[in-house]
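Please read it alongside the sequence and the structure.

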Amino acid sequence: MDVFVVQGGTPLRGSVSVSGSKNAALPMMATALLARGTTVLRRVPDLVDVRTLSSLMKTLGCDVIREVDGSLSLEVIDEDCSEADYDLVRRMRASVCVMGPLLARRGFARVSMPGGCNIGHRPIDIHLRGFTELGADVRFESGDIVVQATQLKGAEINLDGPRGSTVTGTCNVMSAATLASGRTILTGVALEPEVVALAEFLNAMGANISGHGTSTIEIEGVEALNAVEQTVIPDRIEAATLIVAAAITRGTVTIDGVEASHLNAVIEILREIGVTIEETGLSQLQITVDQKLSPVQLTALPYPGIPTDDQAQLTTLLATVSGKSVVRDQVFPDRFMHCAELNRMDANIRQERDRAFITGVPQLQGANVMASDLRASAALVLAAMAAKGETVIHRIYHLDRGYSALETKLNSIGANIIRCREEDLSQLQDSPAKQLRRSA
Ligand code: EPZ
């Protein structure tokens, strides 16, 4: 397993570019199962979750090739196997995104029940309710979910759940409904840009979807969908992570390739904290910190609210801001595992139910910490860059699932992050990072 050894304390300076969105790319890849011909997706980030879904798609008879120009080509060459293997599904929950396309195109899908998750309880009951209302038979067999239908039929379906809308649930049911007979009306749908991007992609393939981006989506079923080329939208979560990286190191950073309109809620709260964020060009933001930052109260909500996927990063920034802040997560109320690790770095955070009560400290201190999930890993990298001294972050495989070469990007603007194998670290006796840096 790899670890990061981070030497903190340097303000970041320079320019860095955002990759394509992981959470937009994954459902788009799965949707290629619906199409005739070769789908080409440009700006697909090169990260572990994309590779895991590529492996799964191959087991489902889809040829997946990463071209030399970085685009991903996907072509279904065999429709015999519609069973998603436990070993791949347990590695990545987003594997459930293949269920809707398989059901619609092949009339059958068997997908291993996704297990527990480090960010809390993540049921898929709303996905399954949507399939049932489209006329599918949904059953559980030996830990698998089996969905089956000869012909899906349009229906009126409410996708609202106890915590609001579901992102991958909306993607799944919307994809399935594209080939259903008649009209489907989905209410209580997710408004996230990744859902809108998927609807636009499906329409480019020949689907007839309207209302995406509002709470009601209408889908007029069509006979078939044809493969197209499409570019994946910029990753708004990576962009927010980079903005916080600039802010927490009190640096000056230009971030290219962003879609600022997807970041409104995050930009607004960061400005309230006191971070200066300027649109300096088309798809470009400049981040500076030229005043004392202030504590805030914020709540992570479904889009257009502050994303839960940015909650850990914002919590980390606030841990360095003098005064008392409160961070609440209404989407995943248990998503606070980073707080205990941040406290190991001398942060002062008390977590209670769905809230983190933060008392800002003047200086975080380097420590040995453990990443627990994707965004918690990013939070620890941010904390480590701001901390005094050296931080060793264990289990960074979580980070590799969802960020494309994050340490390379951060090092290019002045961070000091070394990746090494855990075994190499423990072999070194004292001050391991010093020796590693000497040999690097
Ligand atoms: C997507 O997960 C993202 N994943 C997550 O990003 C993100 O945190 C989440 O949306 C919320 O924005 C991908 O897009 C691949 P949900 P998803 O269904 O779709 C409850 C990251 O860090 N719910 O929108 O699985 C659920 O428990 C990841 O990149 C039900 O009750 O999330 C949660 O409280 C992690 N029943 C809320 O809805 C259901 O059937 C929102 O979950 C489905 C969800």
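The model is predicted: local features need pLDDT of at least 70 and side-chain atom pairs count only at pLDDT 80 or more, whereas totals for chains, interfaces and linings use all residues. Residues are numbered from 1 along each chain as its sequence is written, and side-chain values use heavy atoms, with hydrogens and water left out. Helices (H or I, at least four residues) and strands (E, at least two) are DSSP runs numbered from the N terminus. Two strands pair if DSSP finds at least two bridges between them. Strands of a sheet pair through backbone hydrogen bonds, either parallel or antiparallel.

- Four strands in the order 11-12-14-13 make up an open sheet with mixed pairing.
- Strand 11 (156-158) and strand 13 (208-210) are the edges; each has a single partner strand, so one side of each lacks a neighbour in the sheet.
- From one strand to the next, the twist averages 15°; axes are lines fitted to C-alpha atoms, for helices over the stretch in contact, and angles run from 0 to 180 degrees between N-to-C directions.
- Three bridges link strand 13 and strand 14 (residues 216-220) in the antiparallel sense, and Ile209 stands opposite Ile219 in strand 14.
- Helix 6 (residues 167-177) packs on this sheet and touches strand 11, strand 12 (183-187), strand 13 and strand 14, where contact means heavy atoms within 4.5 Å. The direction of helix 6 makes about 25° with that of strand 14.

- A four-stranded open sheet has the order 2-17-19-18, and its pairing is mixed.
- Strand 2 (13-17) and strand 18 are its edge strands, each pairing on one side only.
- Direction ignored, neighbouring strands of this sheet are turned by 20° against each other on average.
- Strand 2 and strand 17 (residues 252-256) run parallel and are joined by five bridges; Val16 stands opposite Ile255 in strand 17.

**Helix 9 and its surroundings**

- Helix 9 (residues 264-273) packs against helix 10 (residues 311-318) at an angle of about 5°, and the axes are 12 Å apart.
- Helix 9 and helix 10 are therefore roughly parallel to each other; the classes are roughly parallel under 35 degrees, roughly antiparallel over 145, roughly perpendicular from 65 to 115, and oblique for the rest.
- Ile269, Leu270 and Ile273 of helix 9 make the contact with Leu314, Leu317 and Leu318 of helix 10.
- The buried residues in helix 9 are Ala265, Val266, Ile267, Ile269, Leu270 and Ile273; buried means under 20% relative accessible area, exposed over 50%, and partly exposed in between (1.4 Å probe, protein chains only).
- Their cover includes helix 8 (236-248), strand 18 (276-281), strand 19 (284-288), strand 20 (297-300) and helix 10.
- Gly274, which follows helix 9, has a positive phi near 120°.

**Strand 20**

- Leu298 and Ala300 form the covered face of strand 20, while Gln297 and Thr299 form the uncovered one.
- Strand 20 runs parallel to strand 21 (residues 324-329), with four bridges joining them; Val327 in strand 21 is the bridge partner of Leu298.

**Buried loop residues**

- Ala155 is in the loop between strand 10 (144-148) and strand 11 and counts as buried at 17% relative accessibility.
- Leu134 is 21 residues from Ala155 in sequence, and the C-alpha to C-alpha distance is 5.9 Å.
- Not counting residues up to four places away in sequence, Ala155 touches Glu133, Leu134, Arg183, Thr184 and Ile185.
- Gly360 is in the loop between strand 23 (355-359) and strand 24 (368-370); Gly360 counts as buried at 16% relative accessibility.

**Hairpin and ring contacts**

- Strand 22 (residues 348-352) and strand 23 run antiparallel, joined by five bridges, and Asn348 has Thr359 in strand 23 as its bridge partner.
- Two residues lie between the strands of this hairpin, in which Arg353 takes a positive phi near 45°.
- Arg350 lies over the face of Phe357, at 4.6 Å from the ring centre; a charge sits over a ring if NZ of Lys or CZ of Arg is within 6 Å of the ring centre and within 35 degrees of the ring normal.
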